[in-house]
Amino acid sequence: MLAQAVRRLALAIPTLFAIIAAAFVLMHLAPGGPFTSERQVPHEIERRLEAEYGLNLPVEQQLLRYIFGTKERGGGLIRGDLGPSMTYKDKNVGDIIAEGAPTSAILGLSAMALALAIGTFLGVIAALRQNKSQDYLIMALAIAGVCLPPLVVGPIMQLFLGVQWQLLPTAGLHRDEYGLRYLILPIFTLSLPIIAVVSRLMRASMIEALRSNAIRTARAKGLPERQVIWRHALPIAMLPIVSYAGPALAGVMAGSFVIETVFALPGIGKQFVLAAQQRDYTLVMGVVLIYSFLIILLNLAADLTYRALDPRSRTA
Amino acid sequence: MSDILIDDTPQPLAVKGRSLWEDARRRLMRNPAAVTSLYVVAILVLIAVFGPVLWIHKYDTIFRDSVSIAPTWTDWHILGTDTEGRDMVARLILGLGISMLVGLAATIVALTIGVLWGAVAGFIGGWVDDAMMRFVDVLYAIPFVFFVIVLMTVVQFDDPVLNLVLIFCAIGAVEWLTMARIVRGQTLSLRQKEFVEAARAAGAKPLQIVLRHVVPNVVGPVVVFATLNIPVIILAESFLSFIGLGVQEPLTSLGSLLSAGKDQMTTAPWMLIAPAATMLITLLALNFLGDGLRDALDPKER
C-alpha cells in the first residue's frame with residue numbers, strides 16, 4: 001500500500017505540470033492583461049510593465065519562465081517561488097496566499113467535519129427508517145439544503161441570527177478568544193450543501209449495505225442490532241462518502257468566493273475570483289496550483305482510506 | 001396448394017412482455033413524490049413558456065410611479081415591483097424561463113460531449129482510453145470558477161441573447177467531465193457483463209446487444225445525471241450572477257433575482273421571497289424527479 005502511494009505521488013508530478021500548462025495557456029487565451037485596465041496607464045509605462053513581468057513574450061516562453069524562473073533573477077516554480085502579484089504591488093503571490101489560506105483551510109475543514117458528522121448520522125437514520133416519516137422528513141430537508149444557494153442562505157442567517165436576535169456576529173474575523181464565534185455562521189452556511197449530499201449518499205449506500213450478505217451473517221450470528229449497524233454496516237456504507245469527500249474537501253479548502261464575500265472573511269477564494277477578473281496571472285496560477293495539489297493529495301487519501309475501510313481488500 | 005393451407009394455429013394470446021421502458025414508467029408512477037414533481041415541473045415549464053405572453057406586464061416595462069412597492073392589487077403588481085419599478089411577476093416568469101433554459105441547454109452540451117467522450121474512451125480502451133481519461137483528470141483539477149471566467153471573457157458579445165448562449169456553453173463545457181467518467185465506467189463494465197456475453201453467445205448481433213442490453217443500462221445513469229444536473233447548473237448560474245458574469249440586464253434569471261433580492265432583504269423582502277420560493281420549488285421538484293427516475297430506471301430493481 002505504501003509503495004502504491006509513493007508511485008501515485010510520483011505520477012502526480014507530471015499531472016501537476018500538465019495542469020499548470022493547461023491553466024496557463026487557458027488563462028492567456030482571455031483577452032486583456034493585468035495592466036490593460038481602466039487605470040489609464042500611459043502606453044509606454046504599460047509596455048515597460050509588461051516587459052518587466054515578461055508579458056510581451058510568447059505564451060510558451062512565459063510558461064517556461066514561470067516554471068523555471070529567469071537566469072538573472074532566479075525564482076520560478078521549481079524553486080518554490082510563485083512569483084510577484086501583478087495587481088498588488090510589492091506583494092508576492094506566496095505571501096498573499098499565506099495570508100488567506102489558513103482562513104479558507106479552517107473554514108473548509110470545519111465545514112467538512114461538521115457535514116460528515118451530521119450527514120452520516122442523518123443518512124443512517126433515514127436508511128433505518130426507510131420509507132417512513134422520519135426518512136421523508138430528513139430527505140426533504142437534505143434536498144432543500146441544496147436548493148437555496150449560499151448567497152441567499154448566508155444573508156438570511158446574518159439577518160436573523162446576527163441582526164434580529166443578536167446571537168452571533170455577522171461578519172469579519174477577530175483573532176482573539178471570541179474569534180471562533182465569527183466562524184460559526186460561515187462554517188454552517190458552507191456545510192449545508194455538503195450535509196445534503198452526504199446524507200443522501202449515506203442513505204442510499206446504507207440501504208444497500210443492510211441488504212448485503214455480510215450484514216445478514218452478522219445478524220444471523222446474533223450480534224446486537226446496534227453493533228451490526230455501527231460496527232459492520234457503517235464501514236461498508238461509508239465507502240461512497242469517502243470517494244466523494246476527497247475532492248469535495250479540496251473544493252472547500254481552496255476557498256469559497258460567496259462565503260468569503262458574504263461574511264467578509266480574508267480567504268483565498270475571494271482573492272482568486274478577483275485575480276481572475278483582473279488577469280493577475282501569477283496569483284490565479286498560485287491558487288490553481290494549490291487547488292490541484294489538494295485535489296491530487298486528497299484523492300490519494302480517499303483511495304487509501306477506501307482500501308482501509310473496504311473489507312474485501314483487507315486480505316490483499 | 002398453398003391457398004388451402006389455412007392457418008388454424010391459435011393466435012398466441014396477447015401476453016405482451018412488458019418492455020424495459022414500460023416497466024420503468026410503472027415504477028415511476030407508483031412513486032408519489034416523483035409523480036407530484038413531474039406535474040410541478042410540467043406546470044413550471046408551461047408558466048415559463050406561456051407566462052410572458054399571458055401576463056399583462058412586460059419584464060422590462062418601468063413603472064416610474066411605483067418603484068419598490070409591496071405586493072398590491074393596484075395595477076396587478078401582485079408580487080410588487082423591483083428597485084427599477086418593474087413588475088416582479090413578469091420578471092419572475094422570465095427568470096424562471098431563463099434559468100430552466102440555461103439548465104437544459106448546458107445539460108445538453110455536457111451530455112453531448114460527455115457521452116461521446118466517455119463512450120469512445122470506454123469502447124476503444126487501451127492507451128486511447130488512458131490518454132482521454134488523463135485529459136479529463138487534468139481538467140478536473142482546474143477550478144470551475146476559473147474555467148467559466150476564462151471561457152466567458154474569451155468571447156464576449158454585446159447581444160444579451162448570444163451572451164446567454166455563451167453561458168450555456170461555458171457551464172456545459174465544465175460539466176461534461178463527470179458525464180464522461182460515468183459513461184466510460186458504465187461502458188467498460190458492461191462490455192464484460194455476463195448478460196452481454198450470454199446475448200453474444202445466443203447469437204445477438206452487436207447492434208442488438210448495444211440497443212437492448214447496453215443502452216438501457218447506460219441510459220439510466222445518464223438520464224438521472226441529466227435531471228439532477230439541471231439544479232446544479234441553475235445554482236452555478238446563480239453564482240455567476242453573483243460575481244457579475246451571469247445573465248445581463250434587462251434579462252434576468254432566478255439567480256440574478258435572488259442576488260438582487262438579498263440586497264433589499266430588510267427594505268423590500270418580497271424581492272427575495274418570491275424568487276427564493278420559486279427556486280426552492282423548481283429545484284425540489286427536479287431533485288425528486290431525478291431520484292424517482294433513478295429508482296425507476298435501476299435495472300436491479302426489476
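What is the mean pLDDT of chain B, and what share of its residues reach 70 or more? The mean pLDDT of chain B is 78, and 88% of its residues reach 70 or more.

## Confidence in the model

This structure is a predicted model. For chain A, the mean pLDDT is 79, with 89% of the residues at 70 or more. Within chain A, helix α2 (residues 43-53) has the lowest confidence, at a mean of 72, while α4(A) has the highest, at 86. Among the elements of chain B, helix α8 (residues 206-242) has the lowest mean pLDDT, 76, and helix α2 (residues 32-54) of chain B has the highest, 86.

For the complex, the predictor gives an ipTM of 0.75 and a pTM of 0.79. Where pLDDT is low, the predicted coordinates should not be read in detail.

## Chain B

The secondary structure of chain B consists of 10 helices and zero strands. Of the 302 residues in chain B, 39% are buried.

Contacts in chain B can also be sorted by separation in sequence. Among those between residues at least 6 apart, 70% join residues at least 24 apart.

## Where the chains meet

The contact between the chains takes 33 residues from chain A and 29 residues from chain B. On the side of chain A that touches chain B, at least two residues each come from α1 (2-29), α5 (133-147), α6 (150-164), α11 (257-262), α12 (268-278) and α13 (281-309) of chain A. The most is given by α1(A), with eight residues. By type, this side of chain A has 30 nonpolar residues, three polar and no charged.

## A helix pair across the contact

Two packed helices are described by the angle between their axes and the distance between the axes. The axes of α1(A) and helix α5 (residues 144-154) of chain B come within 8 Å and cross at roughly 30 degrees. This crossing of α1(A) and α5(B) is left-handed.

Which residues meet here? From α1(A) come Ala23(A), Leu26(A), Met27(A) and Leu29(A), and from α5(B) come Phe146(B), Val150(B) and Val154(B). The contact of α1(A) with α5(B) is made up of seven nonpolar residues, with no polar and no charged ones.

## Helix α12 of chain A

Is α12(A) mostly covered or mostly uncovered? It is mostly covered, with eight of its 11 residues buried. The buried residues of α12(A) include Lys270(A), Gln271(A) and Phe272(A), as well as Ala275(A) and Ala276(A).

These buried residues pack against α4 (93-128), α11 and α13 of chain A, and also against α5 of chain B. After α12(A) comes Arg279(A), which has a positive phi, near 60 degrees.

## The largest nonpolar core

The largest nonpolar core has 158 residues. The members that touch the most other members are Val284(A), Val287(A), Phe146(B), Val148(B) and Ile171(B). Helix α3 (residues 88-124) of chain B gives the most to this core, with 17 residues.

Phe146(B), one of those members, also belongs to the helix pair described above, where it is among the α5(B) residues that α1(A) meets. Leaving out residues up to four places away in sequence, Phe146(B) touches Ala23(A), Ala276(A), Val284(A) and Val288(A). Of these, Ala276(A) is one of the buried residues of α12(A).

Conventions
Residues numbered from 1 in each chain as written. Chains lettered and ligands numbered in written order. Predicted model: local features only at pLDDT ≥ 70, side-chain atom pairs only at ≥ 80, totals over all residues. Contact = placed C-beta atoms within 7 Å. Helix = DSSP H or I, 4+ residues; strand = E, 2+ residues; numbered from the N terminus. Nonpolar A, V, L, I, M, F, W, Y, C, P; charged D, E, K, R; others polar. Axes fitted to C-alpha atoms, helices over the stretch in contact; angles between N-to-C directions. Left-handed = near helix turned anticlockwise from the far one by under 90°. Buried ≥ 20, exposed ≤ 12 C-beta atoms within 10 Å, placed from the backbone. Core = buried A, V, L, I, M, F, W, Y, C linked by C-beta atoms within 7 Å. pLDDT = per-residue confidence, 0-100.
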